[in-house]
Amino acid sequence: MSTSDEASNGVPDDAGDAPDTARTTVRRADEEDLPLLERLGQLYMHDLSEFRGRLPEADGGFPFPRLPLFFTEPGRRAYLIEVGGAPAGFALTRPLDDGTESIGEFFVVRAVRRLGVGRRAAEDVLSRRPGRWGVAFQEENPGAARFWREVAASVAVDGWDEETRPVAGRPELPPDVWIFFETGRRGASGRR
């Protein structure tokens, strides 16, 4: 059965419309965006379940208890990534104890992955606060490992350093790889 919104094969008419990734924007999220970020957070946590072996809870959802902290704790920030005005992901940043700024969570929906959206969004977020940054990822997630090393190479003032650290409070998980670098001015970049 077909409706005016669907082609005769049951696929929505707009299913073939490619997103205009050149219209990627990043904006600071506010509390009104929290329900949207919670829904995107479910997609993010589902993606991570491949690497963390975590199943959804009884209601089918994945817990994401830290998300509200990005609207209540000083220094934490939530950013919404949009493509052509449509939600396409998020970035969550927080200060570390030593004053380093960290991207703690970063997510881009599958429809726009490998199209430059994540790279543009990451560079935008990193350029908003010049200084020392840290980003953690797991080597078991090869896409994230490759992505963050490429981003660091493009924005780091004088290269970057890597170190391995256990995941706080999660001894069952493999250790995180942390990349640390400085942003602020364009210069020679690459791994140190």
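Biologist: What does R129 count as, buried or partly exposed?
Modeller: R129 counts as partly exposed, at 31% relative accessibility. Buried means under 20% relative accessible area, exposed over 50%, and partly exposed in between (1.4 Å probe, protein chains only). This is a predicted model, where local features need pLDDT of at least 70 and side-chain atom pairs 80 or more, while totals for chains, interfaces and linings use all residues. Residues are numbered from 1 along each chain as its sequence is written, and side-chain values use heavy atoms, with hydrogens and water left out.

Biologist: Which residue does R129 meet in a salt bridge?
Modeller: R129 pairs with E101, at 3.7 Å from N to O. The pair ties together parts that are 28 residues apart in sequence, because E101 lies in strand β4 and R129 in the loop between α3 (117-127) and β5 (131-137). A salt bridge here is a side-chain nitrogen of Lys or Arg within 4 Å of a carboxyl oxygen of Asp or Glu. Helices (H or I, at least four residues) and strands (E, at least two) are DSSP runs, numbered from the N terminus.

Biologist: And E101, buried or exposed?
Modeller: E101 is buried, with a relative accessible area of 6%. There is also a network: R27, D33 and E82 are joined by salt bridges that share partners.

Biologist: How many salt bridges does the structure hold?
Modeller: It holds 10. One of them joins E105 and R66, whose closest N and O atoms are 2.4 Å apart. That pair links distant parts of the chain, since E105 sits in strand β4 (residues 101-108) and R66 in the loop between α1 (34-52) and α2 (69-72), 39 residues apart. E105 counts as buried at 7% relative accessibility, and R66 is partly exposed at 38%.

Biologist: What about R76, which residue does its side chain meet?
Modeller: R76 meets E73 in a salt bridge, at 2.8 Å from N to O. R76 counts as buried at 16% relative accessibility, and E73 as partly exposed at 34%.

Biologist: Let's zoom out. How many helices and strands are in the chain?
Modeller: There are 4 helices and 7 strands. From the N terminus on, they run β-α-α-β-β-β-α-β-α-β-β. Of the 192 residues, 41% count as buried.

Biologist: Why would nonpolar side chains be buried together?
Modeller: In soluble globular proteins, nonpolar side chains tend to do that.

Biologist: Pick F106. What is F106 in contact with?
Modeller: Leaving aside neighbours within four places in sequence, F106 contacts Y44, I81, F90, A91, G118, A121, A122, F147 and W148. Contact means heavy atoms within 4.5 Å.

Biologist: Y44 is in that list. Which residues of α1 are buried?
Modeller: Y44 is one of them, along with L34, L37, L40, G41, M45, D47, L48 and S49. What covers these residues includes α2, β2 (77-83), β3 (86-95) and β4.

Biologist: New topic: A136. Where is A136 found?
Modeller: A136 is in strand β5, and counts as partly exposed at 24% relative accessibility. Its contacts, leaving aside neighbours within four places in sequence, are I103, D176, V177 and W178. A136 and I103 are 33 residues apart along the chain, with C-alpha atoms separated by 7.7 Å.

Biologist: And V167, where does V167 lie?
Modeller: V167 lies in the loop between β6 (160-165) and β7 (176-183). V167 is buried, with a relative accessible area of 18%. Leaving aside neighbours within four places in sequence, V167 touches L173, P174, P175 and D176.

Biologist: Last one: which residues line the largest cavity?
Modeller: F51, R52, Q138, E140, L173 and P174 do. A cavity is a set of points, on a 1 Å grid over the protein atoms alone, where a 1.4 Å probe fits but cannot get out, and lining residues have an atom within 4 Å of a point. The volume is about 50 Å³, counted as the space filled by probe spheres set on points joined across faces, edges and corners.

Methods: On a 1 Å grid over the protein atoms alone, a cavity is a set of points where a 1.4 Å probe fits but cannot get out, and a pocket is an open set with protein on both sides within 12 Å along at least five of seven lines; lining residues have an atom within 4 Å of a point.
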